[in-house]
Amino acid sequence: MTRRGRLALFAVAGPGLLAVLVVGLHGLPSFGDFHGVYGLLVDRIEPGQRHATDIVTALNFDLRAFDTLGEEFILFASVTGVALLLRHLRHAEGDLERSRSVADHRFAGASDALRVMSLVLIPLLVALGVYLALHGALTPGGGFQAGIVLAAGPLAILLAGRYLALKRVAPQWALEALDAVGATAYAAIGLGGLIFASAYLENFLPLGTPGELLSAGMMPLNSIAVGLEVTGAFLLTWTEFLDQDVIVGRDEL
Amino acid sequence: MAVLSSLPVVVPFMLAPLLVAVGAYAPRWSEDALAMVGAVAVLVICLLLAVHAGARPFVYWMGGWRPERGVAIGIAFAIDPLGAGMAAFAAVMVLAALTYSLRYFDAVGGLFHGLMLLFLAGMAGFCLTGDLFDLVVFFELMSAVAYALTAYRIEERAPIQGAINFAVTNSIGGYAMFIAVAMLYARTGQLNMAQIGAALDGHRADPLVIVSMVLLLLGFLTKAAAVPLHFWLADAHAVAPVPVCVLFSGVMVELGIYAVARIYWVIFAGPLAGHAEALRAILVALGVTTALLGAVMCVLQRHIKRLLAFSTISHVGVFVCGVGLLGSKALAGVAAFVVGHGLTKAALFMLCGVLLHRFRTVDEYDLHGRGRELRVAGVLFAAGGLLLAAPPPFTEFQGKSLLESASSGAGFGWLTAVFAVVSALTAGAVLRVGGRVFLGWGPSEGPDPQQARPAHERVDETRDERDHTPPLMLIVPGILLTATIVLGLVPGAIPWLSGAAARFTDHRAYAAWVLHGRTVAWPRVAPSHVSAGDVIIGLLTVAAAVAVAGAGLFGRPAVARLPQGIRVGGGGAVRRLRRLHSGHIGDYIAWWTTGAGVLGGACLLALR
Amino acid sequence: MSALQAVALLVVVAGGTAVALTPDPLRQTLLLSIYGLALAILFFVFQAPDVALSEIVVSGVGLPVIVLAALRKLAQDRARRDSEEESSS
Amino acid sequence: MSFAPYAAAAWLFVVGLYGVIASSNLVRTVLSLTVVQSATYLVLLGVGYRHGGKAPIVADIPKSSRLVDPVTQVLVLTDVVIEATVLALLLALIVQAQKRFGSIDPARLRALRD
């Protein structure tokens with residue numbers, strides 16, 4: 001089709017689909033008037049039975065922990081996929097340290113102000129990430145958010161203009177291991193439930209006092225596992241794209 | 001036995017990261033071994049589950065979260081014989097693909113094996129879950145893996161484009177499903193499918209229910225590639241590496257059909273009970289369009305993998321018709337047909353791989369006569385082509401005859417003719433290719449030389465030594481074809497499938513055993529008999545397939561003698577049909593939107 | 001619906017429309033980050049702090065890095081092709 | 001007003017599709033895809049909201065407080081992860097497309113014309 005033909009088709013089909021959606025969505029309860037029995041039950045069960053105070057995290061890492069398992073492996077599959085798709089652009093990595101001076105690997109566009117700021121940021125990011133991962137069951141946040149924040153720490157090293165330092169702090173193999181260990185750990189915690197309790201992902205740890213750090217059974221463990229995986233996953237994806245940039249950008253092309 | 005329920009997903013989940021992380025440092029054989037051990041484990045567990053569920057279907061609550069006051073609060077695996085059987089079938093396909101790739105190509109340090117296992121986990125979870133959102137999660141897992149595997153050969157252009165088209169189209173289908181989940185959750189306050197179904201029972205289907213069904217159908221039919229949501233399939237299947245094609249055509253696409261059946265029978269059969277007639281008409285219309293368009297496009301191809309891809313689309317049309325008949329007998333027919341088709345199609349793709357391995361091309365005319373030396377491959381290819389025509393009394397025929405008797409029972413007797421045309425055209429196209437490649441029959445120049453380009457492989461996906469074909473690459477398709485022949489003839493196989501389908505389609509019983517753990521008696525299924533008429537139609541179809549192949553090989557002089565008006569008109573129609581499949585993602589999504597609007601509009605108008 | 005929610009929703013609609021209608025990818029990336037922030041604020045006023053936090057880290061850090069790196073890469077490839085064409089002509 | 005979030009979602013879904021269709025640059029295609037996806041966030045969180053409801057964190061609020069629905073929020077969390085993964089995969093593909101085709105205009109990707 002020509003561009004015009006395509007748009008003409010959409011000019012008919014788009015409004016049609018919009019109408020279908022609007023007609024369907026019109027049957028929803030009016031905004032703010034929803035009282036789903038599932039949600040109401042969960043609000044009652046989780047704080048009582050599991051001593052978690054953030055009910056969203058409780059759902060995420062306990063009641064619907066199996067969905068989260070699937071989600072973690074979607075992430076894992078996608079990182080593996082990105083590694084597969086960008087693989088041939090990684091060849092030069094071994095030559096990196098030999099062939100060029102450190103100055104060559106400064107991330108272009110990193111100004112001095114940005115560098116200083118980034119160095120200040122790093123410890124803050126790491127602290128925030130650890131806090132988020134550990135307090136998932138108590139306050140907003142959890143392994144996923146923590147993982148990205150933690151990954152942003154090493155990223156700040158890059159913004160500080162030190163690509164090689166980044167590769168030294170977080171070499172490829174270490175990131176791959178982090179990603180894989182985090183994913184496996186989550187699945188393995190689930191197996192703990194199968195072995196020590198009766199069902200996969202069933203809680204088999206003491207519940208502790210509500211509001212305290214080591215409460216809510218296996219939730220903090222799950223949260224940490226997810227945190228590890230997400231940290232590895234995002235750093236891998238970033239460096240995968242940035243390797244293209246820094247390494248291939250100069251000589252292979 | 002129920003204690004094993006989570007393992008078909010968890011075992012691959014434990015192994016895949018290991019493969020990915022250490023794959024770069026471990027020897028190839030260890031990766032193969034680990035991946036195959038995983039696939040075998042999943043296969044064995046799924047078979048055990050299927051047998052166990054055959055006696056009594058059961059529920060497994062993840063995390064031990066049983067329903068609280070009759071309300072499901074956790075995620076359930078609801079395991080019935082058909083679902084577990086489908087998961088076992090997926091494991092068989094993965095195992096076959098892994099075995100075939102032992103000798104087929106160099107894997108990139110564990111990534112390929114890891115992704116194959118994740119694919120298996122996604123498919124198994126998709127088959128076993130009883131939770132609507134969990135179903136979507138596994139759908140997305142399958143998708144993410146499949147996008148990456150499609151573009152495995154990044155050195156080529158076509159795989160990149162195919163993967164982009166695949167990913168964009170299927171992602172949009174996925175988003176439609178998210179909205180459907182939200183709508184059904186808003187209506188029922190539930191995510192467990194049985195519970196959603198129970199909550200909808202006894203209410204009239206209002207626009208919200210209908211649109212949520214349409215959105216779910218859009219997601220699953222995008223994966224299953226029903227017209228006009230199908231454009232991505234031919235692109236992706238034509239370019240993915242052969243072991244991946246085996247999974248795509250053999251089982252992934254069929255899972256879309258499986259999910260359509262699942263959500264209809266569990267969720268919508270209650271509220272739409274009064275509208276079964278209208279819904280049947282809509283789905284059958286969709287199926288027939290898909291079947292015929294796929295068959296015609298199949299005949300027009302000279303790129304062999306693309307030809308097989310369109311044949312898959314055509315068969316998807318048949319399956320959509322079968323599920324759309326909304327009866328247990330038709331569903332049993334679809335199930336048998338899916339198994340037979342999957343095994344045959346997988347074998348045919350593997351034989352394509354043999355050609356690719358030897359000659360670096362899968363262009364029918366390029367390969368003219370060059371397959372003469374490959375006797376075994378030729379025989380297998382011909383057998384596969386014939387089996388695609390569903391000859392009596394093998395597996396596909398068993399499925400097809402169930403389908404046909406179900407369609408005449410539902411007043412759609414004419415579907416028999418459609419099925420026959422589809423089988424004859426798609427099998428005829430495959431036989432034509434076989435005749436040209438392995439026997440050197442017919443002209444060696446294609447009618448349209450421009451079409452040849454994309455079939456060449458600049459860099460090939462196979463391992464290097466190409467002077468002879470590794471025996472394993474012939475043994476695996478041989479086994480698959482033998483299985484196609486044998487499975488349908490195993491005494492008790494078809495009755496078991498009929499029973500499983502009857503169980504699958506019992507809306508009320510499903511809710512009873514999932515939510516209340518009640519034992520439900522096996523439904524009695526009248527034994528189906530293959531009539532003499534079915535056998536005659538089957539044989540005629542095979543004859544027609546051979547005739548189509550003959551016409552494709554030797555018919556060009558006859559076409560040249562046709563009156564010019566017909567030739568020009570026909571040529572114009574063909575060109576227009578071809579031009580629709582432009583490879584342009586914008587076109588595809590414009591058609592997707594059109595399909596969504598039409599399906600939604602038709603359902604809203606007809607089902608009230 | 002409170003006024004705050006209504007405003008947040010309006011900003012989201014405008015932002016999403018702008019992202020979809022902007023043809024230039026670089027500007028689109030910028031808009032996308034702003035859109036992500038608008039979504040996060042909307043989630044916050046919809047009483048979903050967990051989701052808002054997720055959206056902030058994903059659309060504020062996670063995705064922009066990927067998109068910008070990809071854009072840079074695309075520009076480099078284009079520049080290389082241009083210079084090759086020049087030298088060959 | 002009570003329909004506004006859902007109307008907004010329907011609009012974003014379709015306008016995102018328009019972005020995909022009108023695009024002559026694959027990066028735009030993919031970024032428009034995220035707009036389509038954001039429609040799903042709006043429907044899910046819109047459904048889960050309750051008038052006067054508090055965020056579902058029970059640490060420092062009275063036991064009887066009204067809470068918004070936590071379930072849809074969990075679903076959106078998964079949705080956000082999926083957005084990130086699909087975007088990363090597609091961008092990797094697009095980078096490769098530029099390398100192989102020398103263009104990321106879908107009209108100039110011609111490996112798969114029938």
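This is a predicted model: local features need pLDDT of at least 70, side-chain atom pairs count only at pLDDT 80 or more; totals for chains, interfaces and linings use all residues.

Visitor: How many salt bridges does the rule find across the interface of chain C and chain D?

Guide: The rule wants a Lys or Arg side-chain nitrogen within 4 Å of a carboxyl oxygen of Asp or Glu. Polar contacts do turn up here, with 10 residue pairs, both at pLDDT 80 or more. For salt bridges across chain C and chain D, though, the count is zero.

Visitor: Which element gives the largest share of the side of chain C that touches chain D?

Guide: Three helices of chain C each supply at least two residues: α1 (3-21), α2 (25-45) and α3 (49-88). That side divides into 27 nonpolar, eight polar and six charged residues. The largest share, 16 residues, comes from α3(C).

Visitor: What percentage of the area buried between chain C and chain D do carbon and sulfur atoms give?

Guide: The contact takes 41 residues from chain C and 46 from chain D. The area buried between the two is about 3,500 Å², and the carbon and sulfur part of that is 75%.

Visitor: Now the largest pocket: which element gives the most to its lining?

Guide: The pocket holds about 990 Å³ of space. Of its 31 lining residues, the closest to the centre are B:L300, B:P447, B:R556, B:V559 and B:V574. Elements of chain B giving two or more residues to the lining include α11 (276-300), α16 (415-439) and α20 (532-554). The top contributor, with seven residues, is α22(B).

Visitor: How many charged residues does the lining of the largest pocket have?

Guide: By class, the lining has 15 nonpolar and seven polar residues. The charged ones number nine.

How values were computed:
Residues are numbered from 1 along each chain as its sequence is written. Chains are lettered from A and ligands numbered from 1 in the order in which they are written. Side-chain values use heavy atoms; hydrogens and water are left out. Contact means heavy atoms within 4.5 Å. Buried area is the accessible area (1.4 Å probe) that two parts lose on being put together, summed over both. A polar contact is a pair of N or O atoms within 3.5 Å; within protein, one must be able to donate a hydrogen and the other to accept it, and residues adjacent in sequence count only if both atoms are side-chain atoms. Helices (H or I, at least four residues) and strands (E, at least two) are DSSP runs, numbered from the N terminus. Ala, Val, Leu, Ile, Met, Phe, Trp, Tyr, Cys and Pro count as nonpolar, Asp, Glu, Lys and Arg as charged, and the others, Gly among them, as polar. On a 1 Å grid over the protein atoms alone, a cavity is a set of points where a 1.4 Å probe fits but cannot get out, and a pocket is an open set with protein on both sides within 12 Å along at least five of seven lines; lining residues have an atom within 4 Å of a point. Grid points are joined across faces, edges and corners, and a volume is the space filled by probe spheres set on the points.
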